[in-house]
Amino acid sequence: MNRFSVNRRQLNRQALALALTPWLGACAQAQSVQSAASAGGPRWQSDPFSLGVASGQPQPDSVVLWTRLRMAPVDEAQRGRAQSVVCEVFADEALRQPVRQWLVQTDASRAHSVHVLASGLQPGRHYWYRFVCGHAISPVGRTRTSPALNEAVPRLRMALASCQHFEQGYFAAHRDMAERDLDLVLFVGDYIYESTNPRFIVRKHEGGVPMLLDEYRERHAQYKSDADLRACHAAHPWVMTWDDHEVVNDYANDLDQKFTDAQVFLRRRAAAYQAYFEHMPVRLGPDPSQPSQMRIHDRMAWGRLADVWTLDCRQYRDHHACPDPNRGGGRVVVGCDALANPGRSMLGAAQEQWLNEGLTQSQRCWKLLAQSTQMSSSGVDTPLGRSAFTDGWDGYPKARERLLSTIAEARLQNVVLLGGDVHMNVASQLRVQPNNDKSPIVAAELVATSITSRGLGENLLAQIRASNPDIVHARSDERGYTVLDVKPERMVAEMRTTANPVKADAQFGVQARFEIVQGVAGLHKL
């Protein structure tokens, strides 16, 4: 190894690797090479792999491997040049059994990011990977492919996580995840934050609010500077979707809180989406003909055990109902007639149809719907009527009713909604008519609290619990993530948490555990 290499324990914690299918052109196309040395390349003065490696979107025969060359000022001469990067995949941790290699070209137009669709792999097994550029060698990442589609899989272990505001705490939850035996990490939004709140700063963002591509790139790079986050990416493949803060708080389709002209806002969204792609182990980047559009919703099978959907609740949704004329985004409303409009959608018509078709045709035991927020109602009963927060599913109640009605009418079993966004642990029963005990339970919901982002106050949360008997558990005072242990006969959720704000050396305990039994709608506390 060269002077940038580290010992194996550090490699296993910090490793990188996977990168995307050829993305939008020849710069991402890969070809086989005989050895890493054949790539040649510069002699770096500073480690170009400081942002780590990552893998994601596992399939039975492939996985996406990612890294990005981050060039320090001492290597400024390399910034404007195209670079050749070798990606190596091995069958063993000691890196003695090479499987495949790819040579990838990358350049400044994609921030020197690398996405490799590592194909030709065997189903249901672990692989190790690294990248080489010139004399620099990346950390080693560990990944795994999903099982064969018809395999009778005994188990799937996932971490459900979201909402990691860099300024409001440390990413100790990622250290805890990196050290656990998991098949994958399911991240459901707010990977970065564009915003700041001076009252809750533990460590500071660099720069101001990002608006342009280079500013979003720098924000992503700062988040990747966290060793625990890099360790979690290197330890497990990730399956991902986004929420709002990857662009700006509470945006809805082409509208932001400031009612910015749609074309102006879409240019900002395009910059944010490109920076997101450049820093994540995902297959698809922005649409080359419409850069403000990027498909993130997807479906993954885990043998015959489970189908996992990742949904996009931002890009295609209708604008918020009953907006404040002075400030857009979500707000709490009472007596908003627009909420009853059956045409309003959180997912958009095309994504709704895609999901409904997939759900009703799925033959797998568990049907897991990962999306960015809480689906169960969280409104509060007031003397003037029931309140609704218009940025969440309460702001799109007819869309929620359509989805849950599909589950009920098709008599689908073992459907579980997975979410984030609300900065609290939530376990709920889901009914077509929320909180109506005459409406049967048709699914269960588990929402993971935030990695770091501050939660609701207890007074408001107590009102939410009192007004929503479908909510079995809700706590917003602790930070963390949830481990989901899925087996054919049952699914167990363990909410792992620590005190707020999260310290760098935080230790995690179990706040609560819930069980969902195969064939029985809903959940119960263990």
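**A strand and its partners**

Guide: Valine 63 has alanine 118 as its bridge partner in β6. The model is a predicted one, in which local features need pLDDT of at least 70, side-chain atom pairs count only at pLDDT 80 or more, and totals for chains, interfaces and linings use all residues. Residues are numbered from 1 along each chain as its sequence is written, and side-chain values use heavy atoms, with hydrogens and water left out.

Valine 63 belongs to β3, which covers residues 62–68. Strands (E, at least two residues) and helices (H or I, at least four) are DSSP runs, numbered from the N terminus. β3 pairs with β6 (residues 113–118) in the antiparallel sense, over six bridges; two strands pair if DSSP finds at least two bridges between them.

β3 also pairs with β2 (residues 53–59), again antiparallel, over five bridges. The two residues between β2 and β3 form the link of a hairpin. Glutamine 59 has serine 62 of β3 as its bridge partner.

In a regular strand the side chains alternate between the two faces of the sheet. For β3, one side carries Ser62, Val64, Trp66 and Arg68, the other carries Val63, Leu65 and Thr67, and all of these are buried, meaning under 20% relative accessible area with a 1.4 Å probe and protein chains only (exposed is over 50%, partly exposed in between). Because seven of its seven residues are buried, β3 is largely enclosed by the rest of the structure.

Another set of strands forms an open sheet of three, in the order β15-β18-β17 with antiparallel pairing. Its edge strands, β15 (332–334) and β17 (381–382), each pair on one side only. β17 is joined to β18 (residues 385–389) by two bridges, and these strands run antiparallel. Aspartate 381 stands opposite arginine 386 of β18.

Among the helices, α7 (residues 397–409) has 13 residues and spans 18 Å from first C-alpha to last, close to the 18 Å expected at 1.5 Å a residue; the expected span is 1.5 Å times one less than the number of residues. Ala399, Arg400, Leu403, Leu404, Ser405, Thr406 and Ile407 are the buried residues of α7. These buried residues pack against α6 (349–361), β16 (366–370), β19 (415–419), β20 (425–431) and β21 (441–447), where contact means heavy atoms within 4.5 Å.
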